[in-house]
Amino acid sequence: TGFPHTKEWNWTLILCHIQKSTPKTDSKLIFEQIEEKQGWVYIKTKIDNYEFSIKYSSYMTDTADFAEFLANIYDLKETKAFVFDYEGSYPIICIQPVDKDNIRFFFAHDYDLFLKDIDYDFSQYKVECDIIVNKKEFLQNFYNILYPFTCDYKTDKNSDVIFEPEKAKTYLKKIKKYLV
């Protein structure tokens, strides 16, 4: 889900890169805010005292597709990935089931590599976050920022953006149902 058609992805390489990383187990992951500025979406994220952003282009990636990806985490059976499009840069989120209540959240990006205009592959992505988190807390945290963003979204002023708020609300309702 979410893989761009303009870049060739090697799933084995992605899984190997994840296996080389060691997830944190005693840290707190917080999605503080999602905002859009002129077609660029920023999800402000924090692990303990470390802050970073998940960035993508809302002209290239539909936030409703991301909501769909999140809605399918509640019954996750295997590793799933979502690749954003940051207009040529492709940050990736991978989610792995750990047990009934916990998931592994892995986020890596090529923001700096893309700017260097060199050939590279996923194994060179910067791992920004690799953490074991409670599935319900993770989804609740995302829901808390994504629901208001979706409800307050003004489609008329952002006509070129590919975001379907009603589609996103459908998936957010599924997430809410799981959280109750």
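What relative accessible area does E87 have, and is this residue buried, partly exposed or exposed?

Modeller: Two remarks on the source come before the answer. This is a predicted model, so local features need pLDDT of at least 70 and side-chain atom pairs count only at pLDDT 80 or more, while totals for chains, interfaces and linings use all residues. Residues are numbered from 1 along each chain as its sequence is written, and side-chain values use heavy atoms, with hydrogens and water left out.

E87 has a relative accessible area of 39% and is therefore partly exposed (buried is under 20%, exposed over 50%, and partly exposed in between, with a 1.4 Å probe and protein chains only). E87 belongs to the loop that joins strand 4 to strand 5, the latter covering residues 92-97 (helices, H or I with at least four residues, and strands, E with at least two, are DSSP runs numbered from the N terminus). When neighbours within four places in sequence are left aside, E87 is in contact with W40, S57, Y59, M60 and F114, where contact means heavy atoms within 4.5 Å. From C-alpha to C-alpha, E87 and Y56 are 7.7 Å apart in space, although 31 residues apart in sequence.

Apart from residues up to four places away in sequence, L76 touches I95, Q96, P97 and I103.

Beyond residues up to four places away in sequence, F138 touches L29, F31, L70, I73, I95, I103, F105 and V133.

The helices are the last topic. The axes of helix 2 (residues 63-71) and helix 4 come within 11 Å and cross at roughly 155°, where axes are lines fitted to C-alpha atoms over the stretch in contact and angles run from 0 to 180 degrees between N-to-C directions. Helix 2 and helix 4 are therefore roughly antiparallel (under 35 degrees counts as roughly parallel, over 145 as roughly antiparallel, 65 to 115 as roughly perpendicular and the rest as oblique). On the helix 2 side T63, F66, A67 and L70 take part, and they meet F138, L139, F142, L146 and F149 in helix 4.

Helix 2 also packs against helix 5 (residues 165-179), with axes that come within 8 Å and cross at roughly 20°, which means that helix 2 is roughly parallel to helix 5. Here A64, D65, A67, E68, L70 and A71 in helix 2 meet K167, A168, Y171, K174 and I175 in helix 5. The axes of helix 4 and helix 5 come within 10 Å and cross at roughly 150°, so this pair is roughly antiparallel. Among the residues making that contact are L139, Y143 and L146 of helix 4 and A168, L172 and I175 of helix 5.
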